[in-house]
Amino acid sequence: VTKDNQLNQKLPTFNWRKLPKPAIVPSIATQPYIHIMAAGDDHDDVKTSPDKSMSASSGHLHEMGNPPEVESDDCSSLLSSNKEAAKENDSQQIVPSELTMVESKTANRDSEVKIPMDNNEIDCSNGVTITWSNLTVNTKPKKPGFIKRLCSRGDDSKPVSKAIIHGISGEVTPGTLVAVMGASGAGKTTLLNVLAKRNIGSLNIGGSITVNGRAVRRSIAKISAYVQQEESLIGTMKVREHLVFQALLRMDKHFSYEDRMKRVDQVIKQLGLTKCANTVIGITGQLRGISGGEKRRLMFASELLTEPKLFFVDEPTSGLDSYMAVNVVSALQNLAQDGRTILCTIHQPSSEVYAMFNRILLMAEGKIAYLGSRENALSFFNGLGYRCPINYNPADHFISQLAIVPSRPEECKERVKNICSAFENSSYFVKPTLTATENDTPDVQILKKSPYKATWGQQFKAVTWRSAISLWREPSLTAVRAFQTIVTAILSGLIYLQIQYDQDALQNVAGAIFFIVANSSMGYVFSVLQTFPLELPVFLREHRNGMYRTDVYYICKTMVEMPYFMILPLMFVLISYWMIGLNPGFTNFLIHYGVVVLIANVAASYGYLISSLANSIVVATALGPLFVLPLMIFGGFFLRSGSEPVYLVWIKYISWFNYGFEALSINQWENFGNLTCNPGLRTCFKTGHEVLQFYNFRPENIYFDVGMLAGLLVLWRSLTFIVLLIRTSNQQES
């Protein structure tokens with residue numbers, strides 16, 4: 001008894017008084033294992049049969065070990081003996097029209113912000129029942145590339161489509177927390193993505209998916225939330241700031257600012273984020289922030305702002321310790337008790353976590369091996385002869401029975417086939433009760449509405465606010481950039497300290513000017529290469545959620561970073577210009593600074609383009625030198641202007657090194673005074689005009705150079721925006 005009580009204290013308990021009022025708790029005759037209760041609670045609302053009732057402590061031993069004995073170990077006799085119980089259980093199922101969970105739960109919450117329903121959307125006021133019937137999923141055949149087709153001309157084999165899910169059916173009702181489990185490759189994540197209409201561009205899908213009896217396609221995103229396994233968060237934001245940003249852009253337009261802030265406070269309190277509300281989220285390895293469990297709950301809070309009735313959660317406990325995993329699933333359990341429908345893929349849950357789910361969905365080889373209450377799963381597998389050992393985690397037992405062992409695949413596949421077939425023919429299998437109606441509003445009509453809840457101006461204001469905070473708190477973008485600028489400026493000043501304007505000055509001044517151009521280019525190209533590989537996952541997810549437009553994100557991102565590309569060049573020029581001893585005229589100094597600012601912004605724009613093309617930081621870093629070095633070679637310093645190879649001369653016209661070097665040289669040498677001639681030299685340049693003629697630079701070209709720098713700035717920025725548009729459109733199609 002002591003051992004039983006200890007086990008009971010470790011496992012979570014269910015408070016049945018928190019269940020929605022209209023929910024019908026089946027009797028012990030039909031649900032023999034619903035008996036996990038806290039000691040001291042009143043259980044008058046739970047009706048049990050006298051001969052089947054048991055204490056909480058003894059109930060957990062059955063939960064974790066052998067269930068009560070059934071009449072026969074034979075599967076057929078078990079299935080036939082449970083038909084009457086299944087009919088009784090079916091009669092107690094709740095149809096969506098009878099569900100008033102949300103109304104009963106929120107009737108006394110006068111202080112809460114209510115989320116009204118749009119007339120064109122599906123009625124979810126009574127919860128969401130999601131149903132899928134005869135669902136099949138196959139991969140789209142990939143066409144071979146050009147090289148593969150060229151190398152296999154005689155091969156007439158056609159691309160093969162792989163079947164992932166094979167004609168499955170199921171239904172999940174409101175107030176249900178479903179654990180989708182199975183071995184690797186069973187089809188868990190694919191099922192979740194198909195139901196949520198996410199990442200399905202490479203799949204062919206058959207069958208029907210309905211929500212409250214209405215067929216839906218991509219409009220399901222309007223009433224559901226999809227919480228990814230990856231934590232796509234801006235690490236420099238605080239918890240409350242992140243939720244405020246989400247509330248400003250995801251809640252409907254008619255909500256006032258006060259209502260949005262009120263809703264943020266409610267969500268923070270609901271998911272237990274009060275203590276860390278003013279803590280920075282954090283960046284792994286760079287900035288210390290909140291814990292992993294708090295990050296997962298923050299992701300739930302972001303989705304909960306709009307009161308979705310349907311949640312899809314992918315591996316919420318991945319990478320967390322047992323304590324954090326219990327906290328995260330407990331948050332999901334509380335959401336389900338409020339009448340929400342939650343499907344959650346989970347990998348190897350602990351016994352505590354497993355006991356917190358009220359229904360489980362076991363998948364194997366693309367088929368459903370079991371879908372029903374957690375308690376009946378033990379009875380089902382016991383009837384098939386696959387008994388769970390005493391004090392053994394049922395989740396591990398089920399997964400081990402459904403796994404395909406590489407050393408004996410045929411035997412395992414045969415066992416999986418038998419289990420799936422037995423479930424389909426058993427009384428535990430319940431056909432979906434809701435099907436699509438003929439009067440459904442076509443999905444296209446819903447999609448015609450703007451996906452954005454905020455106006456363009458509201459999006460611009462919110463994204464600018466977040467970008468400014470993120471940039472200011474980014475440690476590598478403030479102190480490091482300023483330190484790098486000061487050090488390189490002092491270094492260049494020491495190398496070319498107070499140039500003597502004799503004949504040797506020609507080469508020294510040219511070297512100093514090109515060093516300034518190269519430093520202003522390389523530093524800013526490589527400083528932005530990580531921008532989009534790091535932020536693109538967050539941007540694509542938020543863009544798909546209808547938070548802001550692509551142009552808003554891009555304009556705000558570049559606008560906020562532009563002061564850096566003006567202040568840092570000023571710091572560099574103030575130090576290096578006077579140390580080197582360039583043209584002392586103040587007008588020449590201002591022109592020099594203006595050209596350097598243009599060069600820095602053109603280089604940053606080019607870096608943005610490379611960054612937008614790359615999928616990772618490694619790729620972006622590798623592409624940077626490859627795309628920049630050819631432009632630098634044609635910059636006018638390594639190759640004299642007019643001596644470029646004809647077949648590569650086009651590189652010169654897109655090289656800002658060329659225009660920047662020429663503009664700074666003209667600003668330096670035009671109207672410059674006499675130069676000292678060194679004795680013994682055959683050639684002597686006496687004026688700045690002669691120096692410009694030597695480099696084949698014409699003074700009147702300075703206006704052309706400035707115009708071309710401005711044109712390249714617009715060109716690179718426009719191309720970057722087009723690349724982002726293409727990537728967002730491809731992501732929407734998938």
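**Alanine 603 and its surroundings**

Modeller: Leaving aside residues up to four places away in sequence, alanine 603 touches Ser520, Ser521, Tyr524, Val525 and Trp656. Contact means heavy atoms within 4.5 Å.

Colleague: What kind of model is this?

Modeller: This is a predicted model, where local features need pLDDT of at least 70, side-chain atom pairs count only at pLDDT 80 or more, and totals for chains, interfaces and linings use all residues. Residues are numbered from 1 along each chain as its sequence is written, and side-chain values use heavy atoms, with hydrogens and water left out.

Colleague: Which helix is alanine 603 in?

Modeller: Alanine 603 sits in helix H23, residues 586-613. Helices are DSSP runs (H or I, at least four residues), numbered from the N terminus.

Colleague: Is alanine 603 buried or exposed?

Modeller: Alanine 603 counts as buried, because its relative accessibility is 0%. Buried means under 20% relative accessible area, exposed over 50%, and partly exposed in between (1.4 Å probe, protein chains only).

Colleague: How many residues apart in sequence are alanine 603 and serine 520?

Modeller: They are 83 residues apart in sequence, and 7.6 Å apart in space, C-alpha to C-alpha.

Colleague: New topic. At what angle do H19 and H26 pack?

Modeller: H19 (residues 505-527) and H26 (residues 656-669) pack at about 140°, with axes 10 Å apart. Axes are lines fitted to C-alpha atoms, for helices over the stretch in contact, and angles run from 0 to 180 degrees between N-to-C directions. That angle makes H19 oblique to H26. Under 35 degrees counts as roughly parallel, over 145 as roughly antiparallel, 65 to 115 as roughly perpendicular, and the rest as oblique.

Colleague: Which residues make the contact?

Modeller: Among them are Ser521 and Val525 of H19 and Trp656 of H26. By class, the contact has 14 nonpolar, four polar and no charged residues. Ala, Val, Leu, Ile, Met, Phe, Trp, Tyr, Cys and Pro count as nonpolar, Asp, Glu, Lys and Arg as charged, and the others, Gly among them, as polar.

Colleague: Back to H23. How do the axes of H20 and H23 cross?

Modeller: The axes of H20 (residues 531-544) and H23 come within 8 Å and cross at roughly 50°. H20 and H23 are therefore oblique to each other. Thr531, Phe532 and Pro533 of H20 meet Tyr608, Ser611 and Ser612 of H23. Those residues divide into three nonpolar, three polar and no charged.

Methods. Helix = DSSP H or I, 4+ residues; strand = E, 2+ residues; numbered from the N terminus.
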